[in-house]
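The structure is shown below, and the description follows it.

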Amino acid sequence: MSKPKFRSVGHNQRKLDGVALVTGKARYVDDIELRGMLYAKILRSPHAHARIVEIDVREARSLPGVCAVLTYQDVPRIQYTTAGQGPPEPSPKDTFVLDDKMRFVGDRVAAVAAKTPQIAEAALKMIKVEYEVLPAVLNMEHAMDPDAPKVHEIPSANGISIPERNIAAQVEVTDGDPGRGFAEADLVVENLYRVGYVHASHTEPHICITYLDETGRLVVRTSTQVPFHVRRIIAPLVGRPIGQIRVIKPRIGGAFGAKQEVLLEPLCALLTLKTGCPVRLQLTREEVFVSSRTRHPQVLRCKVGVNKDGIIAATQLDVLANTGAYGSHALTVQCNTGSKTLPLYRTLQYREGVNNVHFKATAVYTNLPVAGAIRGYGAPQGYFALDTTMDEIAHRLGMDPIEFRLKNLIREGDSPALLEQLGEGREGVKQVLKSCGLRECIRRGRAEIGWDEKRARRDQGPVKRGVGVAVLQQGSGIPGIDMGAVTIKLNEDGSFNLLAGATDLGTGSDTILAQIAAEVLGTDADKFSVLSSDTDLTPFDTGAYASSTTYITGMAAKKAAGKVRKMILDRAARMLSERGEDLVLEDGQVRGRKESVSLGEVCSDALYQHDQEQIMATASHISYDSPPPFSAHFADVTVDTETGRVKVLEYIVAVDCGTAINPQMAEGQTLGGIQMGLGYALSEEYIFDDRGRMLNPRFMDYKIFSAADMPRIKVILVDTFEPTGPFGAKSVSEIPTNGPAPAIANAIFHAVGVRLREVPFTPERVLAALKSRDT
Amino acid sequence: MKIKLTINGVPRETEITPDEKLLGLLRREGYFGVKFGCGRGECGVCTVLLDGRAVNSCITFAAQAHNRSVTTVEGIGTPDNLHPIQEAILDHGAAQCGYCTPGIICLARDFLDENPDPTEEQVRDALKGNLCRCTGYQKYVEAILDAAGRMRKLSGDSG
Ligand code: FES
Ligand code: FES
């Protein structure tokens, strides 16, 4: 089938903000000057679990240059969730802006605003706090014990599942009769997997600047993924109506989910309201690690049963998750661990039409750092367990791991029953798969890495080589929840303004939206000035998360552009005295059969000459589909059996993201996601002392991959056409993160015959696994 | 105390405190292309050139810049007159959030001055102190190799 040729979509358009980024002109949150701006700093708890008995801030307040000191006594006693989601929020409302109870090392005790950062720092040291230190829960596997300390008060905040047992959230769904499936299976493989704390590690630390504008409205300039949620969530916390708050997201230095959290904004705004001055609150790198948000640590029990022909009879995933001291995204991330993974494999072939799937997740509180949203959102954990289990089954059946997967993978037209039960924090929405390039991803990746030759290879010597595969999906937005809106207007020179609530995190979404609109309007993307993420100036958007912007807001851009196109053609028809259907809009011109008019002339006619009006339109989009992108990852690794060191030599990733609106950016998203996934697999982890303090909150000790550590990666974009997406597009940004841990674990098994069931695969863990194999 | 220095070719005199870092001085003077990521010399987003050599401005004392010349990304090329490194980064779509980009451009400028015809491995090694979390570095590496070619061509043409 030949696809329509596009003029803008599918081209490597330079980023519209690119020149600003490479010349230092781009303006991030910190890059403004405000007269009289104060610097805020936060005093943090040295204890994992403690109650403030007494707090004395008199000396700090009297230090010259200190303008405000806030403790729990000075802020409204309102519980909220920092999760940055739409209402009704699925995360428990278990957090105060400041509280008298400390729930992890790094929890907020007090905040200071002063004329210089040095004075603020000095003031923190003058705050005298007497703590009653409480016993702490530092092991998630004991959090539900009857005698475990309770992280949250009882009676407790709304939305906590069972505070008496430290259960923040839980979910359980069953489809068909998994018990019977397992009983009848010829082979059942069941194992336990562990994943710990990791951080998004965006290069720009969390930062927020708040000030009052000339009418006294509160302006919040912040590094956020969700400006409209920030506005709504902080309104009651700062005691201002939504209409009196303006949230602006300028350029931001990466986010990856961690900036969906509404962490800094309420405190910063309260300091501005207290002092009347602009206030800047920026976290140190150590604070980012310790007090912002992390990926949920989990213990996963994965069980899969198959018949002797390699047909899956039943799958089961039981998850215990650690949400840390607060339940941000506790329910929804865990839902995703099941819903983004299990539906990839059909269980209905075994007994025609009946799925046998069971999924259960329990998220518990501990007195450790707080988990939240991060790229992949529960799926990287789930894939590590599920895909590794699939690989093990193939091996036990004596089948090629790819052949085994191919027998069981989802197909176009499938409608996984699990997704009807399991949405994000609530019931799901029926999904019918309309585009699936999975088999093509596998075919091309397999050829590229030379799978068949490499699987047959056997090495001599202490350094062994192996190849592994992982097969993945994700989603595109949250069905029935995510909404994006776009406004487009035409100017006299034929240029357009595009206003979108959507949040470009560096992902390039401003450019993607312009490419989509340009396609509809027969012009080039650089004819668009894009203004995004300003709650005063742009229409609403739920924000940049859940791989939603291209798919959801992109469709809003397409619709808005379609409305503007109609206005242009209607007017041009009058101007040219031709019939609308005879007109062609291309290259910034409306061409009739005899004459043409330029877009600029159409705009001038509209603004100044006949039946004056603004050529402008707004459109919104919501989708009940969340079409999964698909991907196959292939890792070629060496394992040094003497040192335990795993080295990735080559990494191939084939991804079906539907139409890649901008192939270069789709590759860029994929490469960055792999980098994050490689760290998850091989190097990144939080290390704690026995009192819950993180010991390695710095890049020297928390190892993210550098350029020198990265293998050469080959990205293959597999073209499919998703009928519900803009010009056939699906999402691309999260899925790559899911692959490296299972692909590398499977490659290690191929190399040395041991299964690594805990990330990261450090030399110590690899050596320990080799040792237990040999004894 | 007062120091004299040249910033992007413009001579300056400015008042500093003894413990002030070069990062703070430059941002105070309005060079917002200099970014803060860790303040401990561990991420490289604050990289600038001091007498042509890449340094982490967050751990360089402002006083060390006395009587020396500092170049920030703003001094490497402008929107109307982009440096080949900047052009190549745009053409390869290397920058995503761009927060690491000014530091990487400064680093690459110093590196390519010393190694006009580097291998991919040398580029990767040179970049290892400049962390980026968005891109996996690959397009930056390709862009820097490409920029090296462009710069050789330019110097060949002019020489
Ligand atoms: S901010 Fe200077 S190295 Fe990180
Ligand atoms: S482009 Fe975002 S950190 Fe490098």
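## The second largest pocket

In this predicted model, the residues that line the second largest pocket divide into 15 nonpolar, six polar and 11 charged. The lining comprises 32 residues, and those nearest the centre of the pocket are Phe705(A), Ser706(A), Ala708(A), Asp709(A) and Met710(A). Two or more residues of the lining come from each of β25 (646–656) of chain A and α5 (120–126) of chain B. The space within the second largest pocket amounts to about 830 Å³.

## The largest pocket

The largest pocket holds about 1,400 Å³ of space. Its lining consists of 36 residues, with Tyr39(A), Pro117(A), Gln118(A), Arg280(A) and Gly24(B) closest to the centre. In chain A, the elements that give two or more residues to this lining are β1 (38–44), α3 (117–126), β12 (279–282) and α7 (285–291); in chain B, the element is α1 (22–28).

Which element gives the most to the lining of the largest pocket? That element is α1(B), with four residues. By residue class, the lining of the largest pocket divides into 13 nonpolar, eight polar and 15 charged residues.

## Enclosed cavities

The model contains seven cavities of 30 Å³ or more.

The largest share, three residues, comes from α17(A). The lining of the largest cavity is made up of 18 nonpolar, 17 polar and three charged residues.

Chain A contains an open sheet of seven strands in the order β3-β5-β1-β12-β9-β10-β11, and the pairing is mixed. At the edges stand β3 (66–70) and β11 (245–248) of chain A; each has a single partner strand, so one side of each is left without a neighbour in the sheet. On average, neighbouring strands of this sheet are turned by 20° against each other, direction ignored.

Within the sheet, strand β9 (residues 207–212) of chain A runs antiparallel to β12(A), and four bridges join the two. Cys208(A) stands opposite Leu281(A) of β12(A). Helix α6 (residues 265–275) of chain A packs on the sheet, where it touches β1, β3, β5 (108–114), β9, β10 and β12 of chain A. The direction of α6(A) makes about 30° with that of β9(A). Helix α5 (residues 227–238) of chain A lies across β10 (218–222) and β11 of chain A and runs at about 145° to β11(A).

## The four-stranded sheet

Another open sheet in chain A has four strands in the order β16-β24-β25-β26, again with mixed pairing. The edge positions belong to β16 (463–473) and β26 (712–717) of chain A; each has a single partner strand, so one side of each is left without a neighbour in the sheet. Neighbouring strands of this sheet are turned by 10° against each other on average, direction ignored.

The pair formed by β16(A) and strand β24 (residues 630–640) of chain A runs antiparallel and is joined by 11 bridges. In this pair, Gly466(A) stands opposite Val637(A) of β24(A). Strand β25(A) also gives two or more residues to the lining of the second largest pocket.

## The pair of β17 and β23

Strand β17 (residues 483–490) of chain A pairs with β23(A) in the antiparallel sense over seven bridges. Lys489(A) has Met616(A) in β23(A) as its bridge partner.

Which face of strand β23 (residues 616–622) of chain A is covered, and which is uncovered? The covered face carries Ala617(A), Ala619(A) and His621(A), while the uncovered face carries Met616(A), Thr618(A), Ser620(A) and Ile622(A).

## A buried loop residue

Ser328(A) belongs to the loop between β14 (312–324) and α8 (330–339) of chain A. Is Ser328(A) buried or exposed? Ser328(A) has a relative accessible area of 2% and is therefore buried, the cut-off for this term being under 20%.

Leaving aside residues up to four places away in sequence, Ser328(A) touches Thr82(A), Ala83(A), Ser91(A), Glu261(A), Arg293(A), His296(A), Thr323(A), Val370(A), Ala371(A) and Gly372(A).

Terms used
Residues numbered from 1 in each chain as written. Chains lettered and ligands numbered in written order. Predicted model: local features only at pLDDT ≥ 70, side-chain atom pairs only at ≥ 80, totals over all residues. Heavy atoms only, no water. Pairing = 2+ DSSP bridges. Axes fitted to C-alpha atoms, helices over the stretch in contact; angles between N-to-C directions. Buried < 20%, exposed > 50% of the residue type's maximum accessible area, 1.4 Å probe, protein only. Contact = heavy atoms within 4.5 Å. 1 Å grid on protein atoms, 1.4 Å probe; cavity = no way out; pocket = protein on both sides within 12 Å on 5 of 7 lines; lining within 4 Å. Points joined across faces, edges and corners; volume = space filled by probe spheres on them. Nonpolar A, V, L, I, M, F, W, Y, C, P; charged D, E, K, R; others polar.
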